[in-house]
Amino acid sequence: MPDLQPLTSLSPPCTSRTWLTTPHPHLPIVATACSDKTVRIYSLQNFQQLNTVSGAHKRSVRTCAWKPNSLGESVLVTGSFDASAAIWKRWEENAGGGLKGDAQEIDFTGGLAGGDPDAADEDDEWRLEVILDGHDSEIKSVTFCPTAPLLATCSRDKSIWIWEELEGDNFETMAVLQEHEGDVKCVAWHPTEQLLASGSYDDNVRLWREDVDDWACCTLLNGHKGTVWWVEFEGAERNGLSTSEGSVSDEQKALLELREKAGPRLITCSDDLTIRIWRKVPSDKPAPPTGQGKMPTIWKNRDFEEEWIEEMRLPQVHERPIYSINWSKKTGRVVSTGSDGKIVVYEERWITASQDGDTTLPDASISNVLSKWVVVADIENAHDVFEINHVTWAPRSDKARRHADEEVILSTGDDGEVKVWTLDK
């Protein structure tokens with residue numbers, strides 16, 4: 001069984017609570033949202049702080065997110081307890097490149113390490129482009145859409161705002177979604193569609209998409225029995241399982257085909273100590289008749305409503321609310337953390353016929369008779385007595401990495417530290 005081993009901590013730590021750490025989509029850097037009204041940018045090559053992004057917010061920065069597919073520059077959005085979001089930009093000579101082969105150290109104050117330090121100029125600074133106002137209370141989560149120029153923000157004011165990015169660094173409000181009955185804790189975009197998921201203090205998960213000329217809820221998932229702290233979609237290239245190791249049954253192949261048709265799954269975690277995976281049920285409904293006699297519908301688009309089912313639950317390990325989960329886009333593994341100070345890693349595995357006699361594929365849903373999730377590593381008191389607010393996978397980029405696809409786990413806690421963990425076999 002693999003072991004979670006501490007590698008190091010990002011240095012220097014924040015002197016106050018840290019909320020979340022998010023890896024850059026291409027570069028070996030991360031951004032950490034801090035209670036001291038700043039975002040700290042750290043290197044994953046030497047684990048040292050590179051920059052401090054500050055000056056826009058009057059209260060704690062609760063969340064931040066990178067804009068994907070942004071060539072030539074890095075774009076960061078920050079959300080604060082002061083109810084505002086801010087957009088920051090920085091020119092990156094190496095943005096979009098990342099690391100290939102052996103780790104190539106990048107000096108973010110002047111291009112590649114060893115380059116001309118005098119080449120650094122004002123473009124190396126983080127520029128505040130715009131502040132987005134509109135929420136009435138603390139912003140809890142922000143996220144850029146990977147398939148359209150859209151930004152979603154959510155707040156303690158029970159609302160979700162969808163913003164469209166226009167030319168000249170301007171943003172226009174596309175929609176204000178107010179169907180949740182409590183704080184909206186988290187929002188996440190689908191990797192290939194303009195579909196937004198949200199989790200709330202009202203124990204519910206909602207899915208939203210644009211319907212003709214407005215945004216509306218297309219699915220309500222109400223299985224949780226406590227606050228939903230985190231929602232996240234599976235990576236577009238992952239279905240959690242592989243046929244590369246050993247043989248699989250025809251039923252298991254059918255499961256993969258069904259998952260491919262359904263698209264990326266959704267994972268959620270809650271105060272109720274459960275981590276649940278949801279899957280879309282592909283619609284095979286024939287087109288309704290047209291002309292007179294057609295029954296009216298509250299939906300403008302007959303394909304607008306979606307059916308999602310709870311596919312399975314991960315093993316219950318946490319003893320207190322689960323705040324954060326992250327689905328690795330490389331391995332399909334999931335990591336979780338929460339107020340009990342544990343970090344847990346899970347892996348989905350096939351169940352053979354000898355392990356479970358009946359592997360008949362259900363008509364409408366998939367139970368756990370074909371696959372199961374198992375705990376492959378865990379650690380207690382990862383931040384001593386402090387709660388852990390967030391956990392994420394990140395590409396390993398330091399000189400000691402063992403192979404090009406190796407990942408580390410970053411945990412962000414109330415102690416102000418961001419700790420780096422390796423998963424050793």
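Biologist: Which residues does UniProt list for "repeat: WD"?

Modeller: The unreviewed UniProt entry lists residues 54–89, 132–173, 177–208 and 405–425 under that name. UniProt positions are given in the numbering used here, feature names are shortened, and annotations may be inferred rather than shown by experiment. The structure is a predicted model, in which local features need pLDDT of at least 70 and side-chain atom pairs count only at pLDDT 80 or more, while totals for chains, interfaces and linings use all residues. Residues are numbered from 1 along each chain as its sequence is written, and side-chain values use heavy atoms, with hydrogens and water left out.

Biologist: What do helix and strand content look like over residues 54–89 and 177–208?

Modeller: Helices (H or I, at least four residues) and strands (E, at least two) are DSSP runs, numbered from the N terminus. Residues 54–89 are 0% helix and 53% strand, with end C-alpha atoms 12 Å apart. For residues 177–208 the values are 0% helix and 53% strand, and the end C-alpha atoms lie 9 Å apart. The chain contains one helix and 28 strands.

Biologist: What average pLDDT does the chain have?

Modeller: The pLDDT is the predictor's confidence in each residue, from 0 to 100. Its average over the chain is 86, and 81% of the residues score at least 70. Over residues 96–104 the pLDDT is below 50, and this stretch has 16 contacts (heavy atoms within 4.5 Å) beyond near neighbours in sequence. Residues 354–368 also have a pLDDT below 50, with 31 contacts beyond near neighbours in sequence. Where pLDDT is low, the predicted coordinates should not be read in detail.

Biologist: How many residues form the largest nonpolar core, and which have the most contacts inside it?

Modeller: In soluble globular proteins, nonpolar side chains tend to be buried together. A nonpolar core is a set of buried Ala, Val, Leu, Ile, Met, Phe, Trp, Tyr and Cys residues joined through side-chain atoms within 4.5 Å. Buried means under 20% relative accessible area, exposed over 50%, and partly exposed in between (1.4 Å probe, protein chains only). The largest core here has 48 residues, and Ile41, Leu76 and Leu266 have the most contacts inside it. Strand E18 (residues 228–233) gives the most to this core, with four residues. Leaving aside residues up to four places away in sequence, Leu266 touches several residues, including Val231, Phe233, Trp278, Trp308 and Trp327. Another core lies apart from the largest one; it has 16 residues, among them Cys145, Leu150, Ile162 and Val187.

Biologist: What share of the chain counts as buried?

Modeller: Of its 425 residues, 55% count as buried. Among contacts with a separation of 6 or more, 61% come from residues 24 or more positions apart.

Biologist: How many disulfides are there?

Modeller: A disulfide is a covalent bond between the sulfur atoms of two cysteines. The rule applied here is a pair of cysteine sulfur atoms within 2.5 Å, and the count comes to zero. Cys186 is in no disulfide, since the nearest cysteine sulfur, that of Cys154, is 6.4 Å away. Cys186 is buried, with a relative accessible area of 1%. The sulfur of Cys217 is 6.2 Å from the closest cysteine sulfur, in Cys218, too far for a bond. Cys217 is buried as well, at a relative accessible area of 8%.

Biologist: Where does Thr192 lie, and which residues does Thr192 contact beyond its neighbours within four places in sequence?

Modeller: Thr192 is in the loop between strand E14 (184–189) and strand E15 (195–200). It is partly exposed, at 46% relative accessibility. Beyond those neighbours, Thr192 is in contact with Thr147 and Ala236. Thr192 and Thr147 are 45 residues apart in sequence, yet their C-alpha atoms are 6.3 Å apart.

Biologist: Is Asn69 buried or exposed?

Modeller: Asn69 is exposed, with a relative accessible area of 54%. Its loop runs between strand E6 (61–66) and strand E7 (73–80). Not counting residues up to four places away in sequence, Asn69 touches His26 and Pro146.

Biologist: Which peptide bond is cis, and what is the phi of Lys37?

Modeller: Most residues other than glycine have a negative phi, and most peptide bonds are trans. The bond from Ser11 to Pro12 is cis, with omega near -5°. Pro12 is in the loop between strand E1 (3–9) and strand E2 (18–23). Lys37 has a phi near 75°, a positive value in a residue other than glycine. Lys37 lies in the loop between strand E3 (29–34) and strand E4 (39–43).
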